[in-house]
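Okay, thanks for making time, everyone. Let me put the structure up and walk you through it.

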Amino acid sequence: MKKFTWLLIVFIFFTVNIIVFAQNPASDFEFDIDAQGRVSIVRYIGTSPNVVIPREIQGFPVVEIGAFAFDGNQILQRVTIPEGVTAIGLYAFGQCRNLIEVNLPQTLTILGSYAFAGCINLQGIIIPERATKWGIGVFARSGIINIVLPQNIEVIPMYSFMRTSLQQIIIPEKVTIIAAYAFADCVNLRTVSLPSSIKSIGNRFYSDIEERHYPSMGGPDGKDAGGVFINCEILSHIIIPNNVTRIEFIEYNEFQEIDGEPLFDGCKNLSLATQARLRQLGYDGKF
């Protein structure tokens, strides 16, 4: 019942005061059309702060918001991405510091690395159910306070919510891995609810999205491990289902050559009951 109430509140938060804007003309965008007749938005060159991306350009469907398409745009405040778009690329909306509202399509499946990183005024977003393939750091250093995650997501990749304004988070039931630094420096985070499916916390896991689409970018180096909740200063409760009997806690790289960051270092308000439960599940690091 508590989860339902919280989700209802978030739903109301996102659905009040919706403003409808007309779609922008094709001349507001630089774009590519591939051999299959699919359009990728390469760059927004318009001047409107409220952008509604068209579903078609020159009669061809828009299927992707490409890498860096809106990166660094300080005019953008609201964006609506149309049904039919399946991917948002690397840094697509990175450092859009005045972006306050994003409407994502139900067709979306891929969120590229750092897609909304640095969007300091983006406080809430609903992620569509199909959007379960994430790169690293999708919302890092953003203003996210409220988020609804897809129920079928299985991994929370590295740096996903690092240095955001999250106050609480419910991890969906199918998640098995929370990777390194996923919630690091979330100084407003008070409560985390883990699912019964959780197997590992602190992995050096990152998506293959960049390797497939942007091979020159590479992935995290071997030093990145642990640090998932480091410096979450007011985090007091981590809710773990009773049927979870063991979690793999990782604080070192895969070669064990360089120590990673402690998972809960700086969590000075973590309740004694939570600490005891984590010890019971196999955590032997410091708090």
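So, how many helices and strands does the protein have? There are 3 helices and 19 strands, taking helices (H or I, at least four residues) and strands (E, at least two) as DSSP runs numbered from the N terminus.

Quick housekeeping. This is a predicted model, where local features need pLDDT of at least 70 and side-chain atom pairs count only at pLDDT 80 or more, while totals for chains, interfaces and linings use all residues. Residues are numbered from 1 along each chain as its sequence is written, and side-chain values use heavy atoms, with hydrogens and water left out.

Of the 287 residues, 52% count as buried. Buried means under 20% relative accessible area, exposed is over 50%, and partly exposed is in between, with a 1.4 Å probe and protein chains only.

Now the inside. A nonpolar core here is a set of buried Ala, Val, Leu, Ile, Met, Phe, Trp, Tyr and Cys residues joined through side-chain atoms within 4.5 Å. The largest one has 69 residues, and Ile65, Phe70, Ile88, Phe93, Phe116 and Phe183 touch the most other members. The elements giving it two or more residues are β2 (39-44) and β5 (60-65), and β2 gives the most, with 3 residues.

Look at Phe70. Leaving out residues up to four places away in sequence, Phe70 has contacts (heavy atoms within 4.5 Å) that include Phe29, Tyr44, Ile65 and Phe93. There's also a second, separate core of 12 residues, with Tyr114, Ala117, Met158 and Ala179 among them.

Back to β2 and its neighbours. Two strands pair if DSSP finds at least two bridges between them. β1 (residues 29-33) pairs with β2 in the antiparallel sense over 5 bridges, and Asp32 has Ser40 in β2 as its bridge partner. These two strands make a hairpin with 5 residues between them, and Gly37 in the turn has a positive phi of about 75°. β2 also runs parallel to β5, joined by 3 bridges, with Ile41 standing opposite Ile65 in β5.

For Cys186, the nearest cysteine sulfur is that of Cys232, 5.1 Å away. And are these two buried or exposed? Cys186 is buried, with a relative accessible area of 0%, and Cys232 is buried too, again at 0%.

Technical notes: A disulfide is a pair of cysteine sulfur atoms within 2.5 Å.
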